[in-house]
Amino acid sequence: MEKLLVNIGQNLFVLFGLLAVGGAGVLIFSKSAVHSVIGFLFSMICVAGCFLSLQAEFLGVAQLLVYAGGIVVLFLFVVMLVELTKYQEKGIFQTQTKFAIPLVGAGLLIFGGVFRAALFGASAEDALTLQQGLVGATENLGNAQAVSRGLFANFILPFEILSVILLVALVGAIVLAKSERV
Amino acid sequence: MTPTLIQYLVISLLQIVAVLGFVMTLVPLLTFAERKVIGYVQVRLGATRVAGGLWGAQRGRTHQSRTITGGLNGFMWWLGKWPVISILRGLPMFIADALKLLTKEDIVPTDADKAVFVLSPALAMVAAFTVFAAISFSPGALFYFPAKFPFLGGLPFNGFLTDINVGLLFILGVASVGVYGIVLGAWASNSKYPLLGGLRSAAQIVSYEVPLTLSLLVPVVLTGSLNFNEMSTRMAADVPVNGLVGIGRSLLMFVGFFVYTTCGFAETNRTPFDLAEAENELVAGFHTEYSGMKFSFFFLSEYASMITVSALASAFFLGGHYLLPFGLQPAWNHFFQHSPYAILAWTCTPSILWFLLKIFFLLFVFLWVRATLPRYRYDQLMNVGWKFLIPYTLVMFVIAALLRYAA
């Protein structure tokens with residue numbers, strides 16, 4: 001008991017990580033689309049829990065606010081409004097199996113390598129701690145301050161470029177939706 | 001002295017029980033107040049009797065009159081006979097309400113998605129109650145355990161559960177999960193009215209979350225913090241560097257209060273934004289198919305989020321743990337801090353009493369608005385949110401940034 005409580009951060013990280021993987025499994029394997037979204041939601045909340053157990057509380061709560069509170073709601077909306085059974089009968093799902101299998105294999109190899117390096121590699125000791133040096137902050141800042149300093153001072157250019165990419169996606173979505181109607 | 005791990009856990013548990021007890025007692029009292037306030041506003045009596053024999057516990061008569069509800073009814077009748085406490089005549093109604101919710105048949109519709117149907121009230125409830133983990137009812141220790149108290153002697157009992165440095169974001173994030181309870185419950189019922197109600201409600205909550213968050217950014221920018229305690233204390237009692245900034249701050253808080261409360265009404269699905277349960281269009285909206293304890297979970301979570309909205313509004317706009325709202329406290333303190341009258345000097349110090357009073361007042365405002373305002377139409381609701389509240393909050397945000405720059 002004492003041992004569990006002393007390493008509580010690490011234990012919770014592993015627990016939340018496994019739960020998130022479980023949620024992702026539900027997302028992929030469940031028959032009903034709404035159940036998939038619930039699995040997705042669960043997985044997102046568990047990822048927020050992972051961030052919290054790494055003492056990245058700003059990131060964790062932002063994950064909760066943005067993904068669980070915003071994006072997954074939109075997913076749910078779309079899933080509930082679109083009648084998926086109609087598309088299922090047309091057989092438009094599960095048509096890319098022969099491409100998917102090699103891609104999944106490659107993904108497994110790459111992520112397995114990354115995980116192996118992160119968990120058992122030389123830097124495994126540092127991997128599970130928040131590194132102040134990464135955000136260029138020398139003094140002991142709060143989480144939100146550290147993240148915002150990183151985003152709006154040190155890495156402002158990549159941040160802005162990312163937002164332009166998002167804008168492109170937005171414009172693209174509108175163009176695609178419009179072209180059907182005209 | 002610093003507590004050991006076990007002591008810390010025990011105190012946390014006690015604090016959690018205290019906060020949950022507070023909320024759980026407030027909710028039934030709120031339903032009583034709701035009946036009473038709306039009754040007075042609409043010039044009628046409100047609930048004066050519950051089902052069961054009218055003479056209730058009076059000995060004999062029929063078999064029916066000896067039931068619990070009959071007894072309650074008799075108690076209410078008895079309360080009504082006394083001159084002053086007759087105002088409390090509807091109070092036993094909440095016991096009847098609780099009994100009704102506990103004993104009602106728990107129906108799951110035949111074609112419902114059973115797992116999701118059970119999950120969604122739990123989601124709504126968990127989201128609405130977890131929020132209280134970051135709400136601070138009193139900035140410091142509420143009291144210290146006396147030294148002779150077994151095991152916990154000399155340790156503080158705090159007025160807050162946790163002091164997270166991203167407390168406000170935590171509240172917003174967890175509260176935003178509550179919408180799943182409504183949407184999933186509506187979908188899982190496999191019925192038309194709930195689905196329409198759930199979709200309405202989800203669209204409403206998602207669109208009002210934007211102005212709600214933006215209006216809370218004003219105190220964030222003004223204080224430069226996300227910690228609940230720090231924000232509420234600094235919003236209430238920060239001495240402005242010069243008069244002009246102080247006046248601007250107060251005006252901004254005044255406007256922000258109304259904007260935030262409007263969004264809060266929409267977030268909690270209360271009148272005038274309760275389209276999700278418009279009874280003349282949708283029977284009861286997303287919880288049409290729910291009964292018994294599952295329904296009461298939705299009910300509890302709605303009232304708990306009313307308390308949350310009131311707590312946030314009073315903490316960030318109405319002066320939190322201090323007496324005066326809208327950042328007027330520093331001026332008051334300037335004159336009365338060293339007043340010879342103890343009671344005047346006391347009004348300059350923070351206290352849980354002021355905070356609770358403000359919460360109760362805002363809860364009353366919830367009921368007041370429900371009794372007076374008609375419901376919005378759906379397009380009006382979206383217009384108010386996107387065309388008025390969001391631009392207002394953006395302007396407020398810019399002004400707040402300018403004030404911060406000037407300070």
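Strand S1 (136–144), strand S2 (156–160), H5, H6, helix H10 (292–316) and helix H11 (329–336) of chain B are among what covers the buried residues of H7(B). Helices (H or I, at least four residues) and strands (E, at least two) are DSSP runs, numbered from the N terminus. The model is predicted: local features need pLDDT of at least 70, side-chain atom pairs count only at pLDDT 80 or more, and totals for chains, interfaces and linings use all residues. Residues are numbered from 1 along each chain as its sequence is written, while chains are lettered from A and ligands numbered from 1 in the order in which they are written.

Helix H7 (residues 228–237) of chain B is largely enclosed by the rest of the structure, because eight of its 10 residues are buried. A residue is buried if 20 or more other C-beta atoms, placed from the backbone, lie within 10 Å of its own. Among the buried residues of H7(B) are Phe228(B), Met231(B) and Met235(B).

The contact between the chains takes 19 residues from chain B and 19 residues from chain A; two residues are in contact if their C-beta atoms, placed from the backbone, lie within 7 Å. On the side of chain B that touches chain A, helix H5 (167–188) and helix H6 (192–223) each give two or more residues, and H5(B) gives the most, with 11 residues.

Val183(B) touches Leu76(A), Gly198(B) and Ala202(B), not counting residues up to four places away in sequence.

Conventions:
Buried ≥ 20, exposed ≤ 12 C-beta atoms within 10 Å, placed from the backbone.
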